[in-house]
Each structure stands twice: as C-alpha cells, then as structure tokens.
Amino acid sequence: MTVAEAVEKKRLFMLDFHDLFLPYVHKIRALEHTTMYGSRTILFLTDDGTLRLLAIELTRPASPAMPQWRQVFTPSTDTTKSWLWRMAKSHVRAHDAGHHELVTHWLRTHCAVEPYILAANRQLSEMHPVYQLLRPHFRYTMRINALARSALVNGGGIIESTFSPQRYGMELSSVAYDKLWRFDMEALPADLVRRGMAEEDPTAEHGLRFAIKDYPFANDGLLIWDAIKGWVKAYVSRYYRRDAASVTGDTELQAFWTEVRTEGHADKKGAPWWPKLDKPETLAHTLTTIIWVAAAHHAAVNFGQYDFGGYFPNRPSIARTKMPVEEPVDAATLEKFLDNPDEALRECFPSQVQATLVMAVLDVLSSHSPDEEYLGGMETAPWGDDTEVRAAYTRFNDQLKAVEGIMDERNKNRMLKNRCGAGIVPYQLMKPFSEPGVTGKGIPNSTSI
C-alpha cells in the first residue's frame, strides 16, 4: 500500500506532540537532568484492527547557536537502529505521559469542572432541580484540587520534578487550554469527531462511524454517554416539560450558565461555540457533557494510571538524556551508547527517586476509597418522593449494570485484539462500579482523586 492509498483509506494515525511542545524545547533543555523534543509518531491501522508503529520524528528547533535538528526513527533489524528506536519510543512515551497528566487529566477534568461548581453554588439554590442533579458530581472536587495545587502541580512539586515538561508544566497546560479547550468539544461524540477517531453517521450505532472499529474507549464510553444522556433527558423533561420559555425564563439557571461562560471562562466568553440554554434539548446536552467530564472522562484517564504507568519502563514520565545521534554528535556519548545501549536507555529513563515517586502517586490516584459514590449508584438516588424522577434513575442504574455485562463479553471476544489476547490488559475503565482499591475500573460520580 502506498502512502497516498493509506491516507485515502484513513489507515494512518498520528500522535502529535510537535506544535504544543516545540516552543518549550530549548527552555526545558536549559534545566538540569532532562531534555525535550517536539515529536510526531505515525501509526498504521492493520487489517486486524490494531495499530502498528511506523515512524517517530523527533525535532529540536533552531536556536541562535544551532540550526534545527530533526530525524525520523523506524523499527529495524539492525542492532544499533533497533536501540535508537527503543530510545525514541521512550521519548515519545515521556511526552505522552506529560501531556496526559497536564492536559487530558488535570486540565480537561479537574480544572474544567471548577467553574461549574463555583457558579452552581453561587447562582443556584439548593432546592433548584439542576443543582440537585449536579451536586453528586461535585463531591470533593474542590478539596482534591486544593490538595493538588499544594503538592502535585505546585512550583517544585511532584509533577514538576518527575514529568517531562518540568517547571513549564502549568504554563503548557494553560497554553493547551487557550488553543484547544472548547466546551462543545468536551462531549464524547464531538471529542471523537474532532480527533478524527469517528465521523458523524446517522445510520450507525450512536450516530458515529469509527475510524478504528475496535477502539475500547469509544466503544465502551458511548454506552456510558448514552446512559447519562437518557437519564438527564428524562430528568430535564420532568422539570422543563413546557417549552423553550421554561428554560430561558429560569433566571437562576441562566445566571448559572452566564457565570460559567463570563467568569469561569472569561477569556473565552465571546466564543461562538458556547451552547445557549434556550430549550430543554440544549440544556440536557449541556448537563450531560458536564456529568460526562466530571465522572466518566475523569475515570477513563485516571483509574488506569497505575496499571499502565506503575511499571515505569512501559510509560516513563520523563526522558533525561538526548538521543545519542543528535547533531552536533557528542563522540563520547555516542561511543558510550554503542558500547552499552542498555545502560544508555536506563539513563534516559526517570531516576530511581523519580520512578519511585511516580509509582507511589499513581497508586494513590488509581485507588478507589471505601466510601466511593459511583455513577448511577443507588446511594445517590434523587431525594424526595417524585416517582417519575426516581423511576428514571432506577432505569439509569439498571442500564449501567447491563453495560457492565456487555463490557465483560467484549473483553472475552478474541476478535477484539485491542482488549483481548496474550499480554493485553482487558479494558475495564468504563465499567461503572468497583470495589475499593486499585481495580482499573469504576466511575465515581465526581472528579475526586
């Protein structure tokens, strides 16, 4: 297959840490015991539905002292090139770990939920139906964010000392927010479309046609998204069953949404993509998005961290040394690499202190507490004696239990090679319920760890 054919058939995918990371390369390189590149990783979708790594491009931008350096690394049977390939993969995994923690996790869940919490508590009375709907999804979030700002993402804290962006982590997260964050793209279907992982198709299940059919996050996530959407639509229709005026005329609700946009996201308040709460349908979609982010999106990116990152060679949080072939080539470094590539790779990995600290933190982050309140759990069933609302919530609970069974069957299906097979971790991150501890499953109601 030619490259043109692969592009036309949508068989090529890219893990892109080039544009976002490139402005920080020289800043990070000025720090001790670390390095940085802009990277692009190209993957090919094989006939069996799995992705195969094709190439990694590492780029050091030009500076007043040196021209740009850029090189593409590929798998090889040549021993030296094979070790360079392993080292290049370690750099990309470090980029991915930093982006995951600072953007996908911290920014898109912990940070993004705060404006909803503050605005709801300021503008909605505790008796307001929307406040009652959202309240379980705000549990402990402000507390865990305060703890994170004091020990994890603070200056000189754990993230700065153990992850690849180092002291520029919060700045990079802020830049990613400015360039990439949009409320209308945080809904799961819109997120999949934006990333090229799906196309809208009214004839397909969930209204989407996947670029990769066996994509566990999307396949399982859309089951959860649909369950949340069904519950929220039923809830909204109970309290806003008249017409658009019932939504637009709700002064508390409109004040809540105005504060989210104009104060919680003041620098984006004029963006045209903000939904307007002008009818029950848009209200239900907006509330579904908020609950998805606070509960399911956070669970998907948080509770599997120890499984995948606890063994640090699988997912190093930082790359400490440059590629030995980076120009101008340091003859001593290259010679040392050629004599003992295994040692060179280990020196590129996090230090023992960094690796141990990351392992301990990921263990804590991935752990469910004994008093966890899960999405759709009966411990957070709606208060009061409204039989219509309670019946809708019971259906929500039943649907989530059924979803667990579907996911269990998928994890046993030998045809689904991205979630079943030798050495493949079963995908359980979207299973709604869990026992206490590090289980790799369970969706708490709120962003609380």
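A crossing is left-handed if the near helix is turned anticlockwise from the far one by less than a right angle, and right-handed if clockwise. The model used throughout is predicted.

**Exercise 1.** Describe how helix α3 packs against helix α12.

*Solution.* Two packed helices are described by the angle between their axes and the distance between the axes.

Step 1. The axes of α3 (residues 79–123) and α12 (residues 280–302) come within 10 Å, crossing at roughly 155 degrees.

Step 2. Angles over 145 degrees count as roughly antiparallel, so α3 is roughly antiparallel to α12.

Step 3. The crossing of α3 past α12 is left-handed.

Step 4. On the α3 side, the contact residues include His100, Thr104, His105 and Arg108; α12 contributes, among them, Ile290, Val293, Ala294 and His297.

Step 5. By class, the contact comprises six nonpolar, eight polar and one charged residue.

**Exercise 2.** Classify Cys111 and Cys348 as buried, partly exposed or exposed, and state how many disulfides are counted.

*Solution.* Step 1. Buried means under 20% relative accessible area. Cys348 has 1% and is therefore buried.

Step 1. Cys111, at 21% relative accessible area, is partly exposed.

Step 2. With a disulfide requiring cysteine sulfur atoms within 2.5 Å, the count is zero.

**Exercise 3.** Locate Ala360 and state its separation from Ala284.

*Solution.* Step 1. Ala360 belongs to helix α16 (residues 352–365).

Step 1. A relative accessible area of 43% makes Ala360 partly exposed.

Step 2. Ala360 and Ala284 lie 76 residues apart in sequence, and their C-alpha atoms are 39 Å apart in space.

Notes. Residues are numbered from 1 along each chain as its sequence is written. This is a predicted model: local features need pLDDT of at least 70, side-chain atom pairs count only at pLDDT 80 or more; totals for chains, interfaces and linings use all residues. Side-chain values use heavy atoms; hydrogens and water are left out. Buried means under 20% relative accessible area, exposed over 50%, partly exposed in between (1.4 Å probe, protein chains only). Helices (H or I, at least four residues) and strands (E, at least two) are DSSP runs, numbered from the N terminus. Axes are lines fitted to C-alpha atoms, for helices over the stretch in contact, and angles run from 0 to 180 degrees between N-to-C directions. Angles under 35 degrees count as roughly parallel, over 145 as roughly antiparallel, 65 to 115 as roughly perpendicular and the rest as oblique. Contact means heavy atoms within 4.5 Å. Ala, Val, Leu, Ile, Met, Phe, Trp, Tyr, Cys and Pro count as nonpolar, Asp, Glu, Lys and Arg as charged, and the others, Gly among them, as polar.
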